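Have the 3D view ready as you read.

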Amino acid sequence: MSLYSGMARQNIKKNYRFFIPRILTEAGLLASFYIVFTLAGDSRMRTVRGGSLLPSFMAVGAAVIALLSVVLMLYTNSFLMKQRKREFGLYNVLGMEKRHVGKVLFRESLYSSLAGITAGTALGILFYKLCSLLICRLLGVESVLGFYYISPATVIPSVLGFLAIDLLTCLYNRYSIGVMKPVELMASAQTGEKEPKVRPLMLILGTVSLAAGYYLAVATRDPLEAIACFFIAVFLVIIGTYFLFVTGTTFVLQRLKNRKSYYYRPKHMTAVSGLLYRMKQNAVGLASICILATGVLIMISSTVSLYAGSEETLANNYPMDLYMNATYRNREEQKVTVSSETLEGIVREAAAKNGLEIEKITAQRYLEFGGAFADGVCILERVSQVSSSTAYYDIITADTYRALTGSALALSGNQVAFCSLNTSYGKVYDGDTLTIGGAEYRITERLTYFPLNAGVTTAYQRYGIVVSGEEALQAVYEAQREAYGSNASGITEKICVKFTDREKACEAGPELEDEISRGVRDFAAAQPDAAEFLGIGYFTDTVWKGRDEIHGMNGSFLFLGILLGLVCLFATALIIYYKQISEGYEDRNRYQIMEKIGMSQKEVRESIRSQVRKVFFLPLAAAGVHVCFAFPMVLKMLKLLLLSRATLFILCTGATFLVFALVYVVIYSVTAKTYYKIVH
Amino acid sequence: MMILEVKDLTKTYTGRFGGNQVQALKGVTFTVEAGEYVAIMGESGSGKTTLLNILAALDRPTGGTVLLDGKNPAGLRDDELAAYRRNNLGFVFQEFNLLDTFSLKDNILLPLVLSGKSVPEMEEKLAAVAEPLGIGDILNKYPYEVSGGQKQRAAAARAMITDPKLILADEPTGALDSQSSSDLLRVFEKMNGNGQTILMVTHSTDAASHANRVLFIRDGVVFHQIYRGGCTNEQLYQKISDTLTMLRKGGEV
């Protein structure tokens, strides 16, 4: 028994170059999984302002990390096994049976798994506190968490999950040893490699799918289409990347090789043929690096720009500080809209009690409903699924328009003024007629500014319509009431309040709302038929609630973006490291031969260095190109999340790329040291 | 004309911490004339490989000089040494040392490419060496696709293509079966017949019996030498094996 344990310990020590990264990988993945998984279930997080979205976000994050963990653990394992096949063959030849080798393997896995899981759990618990502080910081709230939080309910599943992954790899290894013949095991590391061939079908497929992916990313105009197309584009680009890395590089290198006057030069000959073989072995790994890098870049740059743009998003969506409307049902079961004068009175009183000064109050009377829009026809169909034809309408009278803007519109009868509120994806209606529920209206004015919802970023088509008067407004109201029945919208009276000091208003927000609620109750009680009221409903939308929501959402996004970005970066580093090591073992022999034939040490070193550099920086360059093409599409999707400024995103992407490139260079040069140690 | 002059060559290996000195060569002196075919024999540990490494300028001697065509490589810098090896020496190794990422053709052309020759010149020279060696029709194959004998002939072609002053062969038949061995030795004889100077280190009596002269090394010194004189290969073979028997007994010749 102790023989196997001893051998296992010895093997781990001897192969530390492979085992240490494996243990670190497991620890890192387990720690990040534990943190995200625990955050998803931490009830105290939910109570934090803006934390309501956190659990579902974190649950998604945990699933992604779990998936990545399985893939990465299998990858490190397969690498380890490939490098050690000869060793196992030797054991076999020396008289150990396969089941004995299996026993040693099992103990090796057990030790490295225990080390990884112990370290991972400890790291996870240690960093949980840090991460929860970071989250509170990102959400913009005071930290409410006191002590270290250890949750057995998440520790146990995390540990069991990773044990299961390790058991799986261990069983797989046992199986692959079982089916191998000793001679094959001995020889597997030294068989001659065939020169890679260009596979034309793969080359064409790769080019076409990459081009299609790029085209989708660039040509999609509509944010909603962008979401649907995004995953198709990602899929196409991934396929294209893999195919082109595998065969496109071979294609280029083969062409270079066939040009004799280019190929038979001291610098080119070793480089071209060396790269040809390197790419054959590394294409898949490099394509993976490229895709992971692209993922990191897009994730981090978009979440950072969302977060950095939070205040701007807030300012766009809340030109005023408080919006309020109220309705009640009277004795006849009819919905009565509370007049804007009443609301104004309530708000003014509440503000005075809280010592808040009001800069201005405007009243809006409008009809808002959803449906679809096509060629000047408002299609009155309930929006059950959002699509690119989905449209929303805001309808006001000419009187309201004058009250809000100060300028009069000369409209009469069926004349209307028309405004496309969201022109960002080029769907501008320029016809002269507008049909709503069978009635035809003539567009006599075109507006570029609509006083309702000014500046609000939306992802749907949105149209503002000014009708001639109350009669016309009622006609539209009736038309949509007929179509929608009990789901019909009512004509809303809303007041918009702007305080002189927004920050002060935000601080006093909760008390102000209490006061408003008291005011609404007092109003209801004062009505003559108060006893028979069927309740009064009022709705406020305030800048402070909006701020919590936007910070909560963008903060959670950013946290996930950073964490997943780190995991991907870690995966990238791991793949680079393993690549360098395997390259090193293969180059050692080649290096010695070239020196004997008459290349100087310097020439050999330079040749190898330039090849290795080309191989490792190709994925970074390709990731840069991917990000550039993804840019327009991601920007459109960010619009759905209410970010509107492109320059911010450009800045964030550029900065992320620079930081990433820097980290990449550091990872490369650290692992390159290991490489040169092996070669010499 | 004297092409190689080795004088009082010594080499001492020092252990890692200064102790444990091992004298591999204790004053080797011999000369090789242009057009000669010399075999150096000796048992494992006699200093053969050390000697060859120094002649190839892969290793530096502790004392003594090596003059190739009157020039001493000892003072050259690393990059000059590489050019020196490329221009003056050709190598044939026991393990072939062909690069597995190159076709036979590219392996043979590599030294010319490194010297910056033009493509037409390279192809002309390639044709001149490949045909006589019988590998003209497998030039586009890769090392893993051909037999050991073919690999070694490709290595010989690579050694010859630069018209070196001296070809150094280190156990060239060591990894070959007997048929391939005798093929290769015939190739060497033919090369020598065309005026090529060859220095071969071997412990195969059969291989050595093809040479014009055989040097015996023991304990780091040249212990004895045999000239072919008018002997046939078989007669030389007999002489060599008698000498080896004598050496093994530890006696004087």
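## Helices meeting α17 of chain A

Keep in mind that this is a predicted model. Start with helix α17 of chain A, residues 543-597, which packs against helix α2 of chain A, residues 16-41. Their axes are 11 Å apart, and the angle is about 170°. Anything over 145 degrees counts as roughly antiparallel, so α2(A) and α17(A) fall into that group. On the α2(A) side you'll find A:R17, A:P21, A:T25, A:G28, A:S32 and A:V36, and these meet A:L563, A:V567, A:F570, A:L574, A:Y577 and A:I581 of α17(A). Sorted by class, that contact has eight nonpolar residues, three polar and one charged.

Now look at helix α5 of chain A, residues 98-139: its axis and that of α17(A) come within 8 Å and cross at roughly 140°. That makes α5(A) and α17(A) oblique to each other, and their crossing is right-handed. The α5(A) residues here are A:L134, A:I135, A:L138 and A:L139, while α17(A) brings A:H551, A:G552, A:G555, A:L558 and A:F559. This contact of α5(A) with α17(A) has six nonpolar residues, three polar ones and no charged ones.

## Where chain B touches chain A

How many residues does the contact take from each chain? There are 25 from chain B and 22 from chain A. On the chain B side, α2 (78-88), α3 (104-114) and α4 (119-133) each supply at least two residues. That side divides into 16 nonpolar, three polar and six charged residues.

Is α3(B) mostly covered or mostly uncovered? Mostly covered: nine of its eleven residues are buried, including B:D106, B:N107 and B:P111. The buried residues pack against α11 (266-308) and α17 of chain A, and also against α2, α4 and α5 (148-160) of chain B. Just after α3(B) comes B:G116, with a positive phi of about 75°.

## The nonpolar cores

The largest nonpolar core has 183 residues, and B:A157 and B:L168 have the most contacts inside it. Leaving aside residues up to four places away in sequence, B:A157 touches B:I108, B:V129, B:A130, B:L133 and B:I135. Another core lies apart from that one: it has 29 residues, among them A:I395, A:I436, A:A472 and A:V476.

Technical notes
Residues are numbered from 1 along each chain as its sequence is written. Chains are lettered from A and ligands numbered from 1 in the order in which they are written. This is a predicted model: local features need pLDDT of at least 70, side-chain atom pairs count only at pLDDT 80 or more; totals for chains, interfaces and linings use all residues. Axes are lines fitted to C-alpha atoms, for helices over the stretch in contact, and angles run from 0 to 180 degrees between N-to-C directions. Helices (H or I, at least four residues) and strands (E, at least two) are DSSP runs, numbered from the N terminus. Angles under 35 degrees count as roughly parallel, over 145 as roughly antiparallel, 65 to 115 as roughly perpendicular and the rest as oblique. Two residues are in contact if their C-beta atoms, placed from the backbone, lie within 7 Å. Ala, Val, Leu, Ile, Met, Phe, Trp, Tyr, Cys and Pro count as nonpolar, Asp, Glu, Lys and Arg as charged, and the others, Gly among them, as polar. A nonpolar core is a set of buried Ala, Val, Leu, Ile, Met, Phe, Trp, Tyr and Cys residues joined through C-beta atoms within 7 Å. A residue is buried if 20 or more other C-beta atoms lie within 10 Å of its own, exposed if 12 or fewer, and partly exposed in between; C-beta atoms are placed from the backbone. A crossing is left-handed if the near helix is turned anticlockwise from the far one by less than a right angle, and right-handed if clockwise.
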